Amino acid sequence: MSDKDWLDAVRWDAQGLVTAVVQEAGSGDVLMVAWMNRDALERTRELGEAVFWSRSRKRLWHKGEESGHVQKVESIRLDCDGDVLLLTVRQLGHEPPIACHTGRHSCFFRELQDGSWTSVAPVLKDPEDIYR
């Protein structure tokens, strides 16, 4: 058995990617959804910090490399179909924790209310102050 068998169990899409849902340990909040390729998943396991594949940058993206909002990984789970990962993390770098590039706790800050998307979570830190 190869030491990479755990990577072969993942059902990568045609682009070699898999969806990664990021959940905050403790609160259970879903912080964000991102993409991982084999290298990102291997690197995440090695570092114990979240590393994703940025489709816009077309490169590996170590969460927090610019913002300082690092995600320490507590567990990595694979769903029953093998095509979605769940990362349980401790969000670091700001108190209260910020995971979203908009300066909010979670990327899921808009809620459908009366037929329109309404922001239901405050900006914890101005993105202009995060990404200088």
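**Figure 1. R90 in strand 6.** R90 lies in strand 6. (Strands are DSSP runs of E, at least two residues; helices are runs of H or I, at least four; both are numbered from the N terminus.) This is a predicted model, where local features need pLDDT of at least 70 and side-chain atom pairs count only at pLDDT 80 or more, while totals for chains, interfaces and linings use all residues. Residues are numbered from 1 along each chain as its sequence is written, and side-chain values use heavy atoms, with hydrogens and water left out. R90 counts as partly exposed because its relative accessibility is 40%. (Buried means under 20% relative accessible area, exposed over 50%, partly exposed in between; the probe is 1.4 Å and protein chains only are used.) What does R90 touch, leaving aside neighbours within four places in sequence? R90 is in contact with A25, G26, V70, Q71, K72 and E74. (Contact means heavy atoms within 4.5 Å.) V22 is 68 residues from R90 in sequence. In space, the C-alpha atoms of R90 and V22 are 10.0 Å apart.

**Figure 2. A34, a buried residue of strand 2.** A34 sits in strand 2, which covers residues 30-36. A34 has a relative accessible area of 8%, so it is buried. Its contacts are V18, T19, A20 and F52, once neighbours within four places in sequence are set aside. L17 is 17 residues away from A34 along the sequence. From C-alpha to C-alpha, A34 and L17 are 9.9 Å apart.

**Figure 3. The aromatic pair of F52 and W61.** The structure holds 1 aromatic pair. F52 and W61 form this pair, and it is tilted. The ring centres are 5.4 Å apart, with 40° between the planes. (Rings of Phe, Tyr and Trp, the last by its six-membered ring, pair if their centres lie within 6.5 Å; planes under 30 degrees apart are stacked, over 60 edge-to-face, and the rest tilted.) Are F52 and W61 buried or exposed? Both are buried. F52 is also one of the contacts of A34.

**Figure 4. R38 in helix 2.** R38 belongs to helix 2, residues 38-47. With 30% relative accessibility, R38 counts as partly exposed. R38 touches K4, L7, D8, W12 and G16, not counting residues up to four places away in sequence. F52 lies 14 residues from R38 along the chain. The C-alpha atoms of R38 and F52 are separated by 9.7 Å.

**Figure 5. A121 in a loop.** Where is A121 placed? A121 is in the loop between strand 8 (116-119) and helix 3 (127-130). A121 counts as partly exposed, at 27% relative accessibility. Apart from neighbours within four places in sequence, A121 is in contact with R104 and F109. R104 and A121 are 17 residues apart in sequence. Their C-alpha atoms are 6.9 Å apart in space.

Figure 6. Most residues other than glycine have a negative phi, and most peptide bonds are trans. This view picks out exceptions. A cis peptide bond joins E95 and P96, with omega about 0°. P96 lies in the loop between strand 6 (84-91) and strand 7 (110-113). K58 has a positive phi of about 55°, although it is not a glycine. K58 is found in the loop between strand 3 (51-54) and strand 4 (59-62). The relative accessible area of K58 is 62%, so K58 is exposed. D114 has a phi near 50°, again a positive value in a residue other than glycine. The loop between strand 7 and strand 8 holds D114. D114 counts as exposed, at 86% relative accessibility.

**Figure 7. The chain around these views.** The chain has 3 helices and 8 strands. From the N terminus on, the order is α-β-β-α-β-β-β-β-β-β-α. Of its 132 residues, 36% count as buried. Among contacts between residues at least 6 apart in sequence, 43% join residues at least 24 apart.
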